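Dear colleague,

I am handing over a structure that will be new to you, and my notes on it follow below. Please look through the sequence and the structure first.

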Amino acid sequence: MPHVSANVHVSRPADEIFSFLRDPRNLAVWSSSIDQVIEGPISTELGDEYTCKFPGRRRMHRLTCTASTPVEYLAFRGARMWTPLGRHSPELEFRLSPSRKGTMVTVSVKPHLDGGMIILAPFVTMAWRRDLPVELRCLAELLSGEDRPDADTADGQGAAPSVG
């Protein structure tokens, strides 16, 4: 499956950023991939599940923590969202790399698709390529109070994220 990743520098220590990211309720504040997290633990541990609402969906879905290495790596995967064409299970990964002036945050999105959704993979990927840099700028502004953070791709080619 294709994936999209982008990164942004945030002028905060990695432990503060990790603390913010491990509360999935904060996803709805800066990411267009989650409308609302309704219930679940505040601080995420491996295997924790959350009830959430994805954009454009009426039903509630599950979001599960699939990986958690404190202050370095965190991953969430959405439950299989049914569509008339097949299912979509988005996975969000966060990698934090401390630097002298803050932390580089890299976010990767892996849209796991099956059935007829596979033929829509280029469009799903295109939407993430468009939205992820904007969302990371929002995250950086939220966490650091900067007006113009440097959102960039993992491969350093400006504002367009990498696709693999």
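The mean pLDDT of the protein, that is, the predictor's confidence in each residue from 0 to 100, is 75, and 68% of its residues reach 70 or more. Over residues 147-164 the pLDDT is below 50, although this stretch has 49 contacts in the model beyond near neighbours in sequence, a contact being heavy atoms within 4.5 Å. Where pLDDT is low, the predicted coordinates should not be read in detail.

This is a predicted model, in which local features need pLDDT of at least 70 and side-chain atom pairs count only at pLDDT 80 or more, while totals for chains, interfaces and linings use all residues. Residues are numbered from 1 along each chain as its sequence is written, and side-chain values use heavy atoms, with hydrogens and water left out.

Strands here are DSSP runs (E, at least two residues), numbered from the N terminus. Strand S4 (residues 61-69) pairs with strand S5 (residues 73-78) in the antiparallel sense over 6 bridges, where pairing requires that DSSP finds at least two bridges between the strands. S4 and S5 form a hairpin with 3 residues between them, and valine 71 in the turn has a positive phi of about 65 degrees. Alanine 67 stands opposite alanine 75 in S5.

Threonine 106 lies in strand S8 (residues 102-113) and is buried, at 18% relative accessible area; buried means under 20%, exposed over 50%, and partly exposed in between, with a 1.4 Å probe and protein chains only. Leaving aside residues up to four places away in sequence, threonine 106 touches Ala6, Asn7, Glu93, Phe94 and Arg95.

Best regards

Technical notes:
Helices (H or I, at least four residues) and strands (E, at least two) are DSSP runs, numbered from the N terminus.
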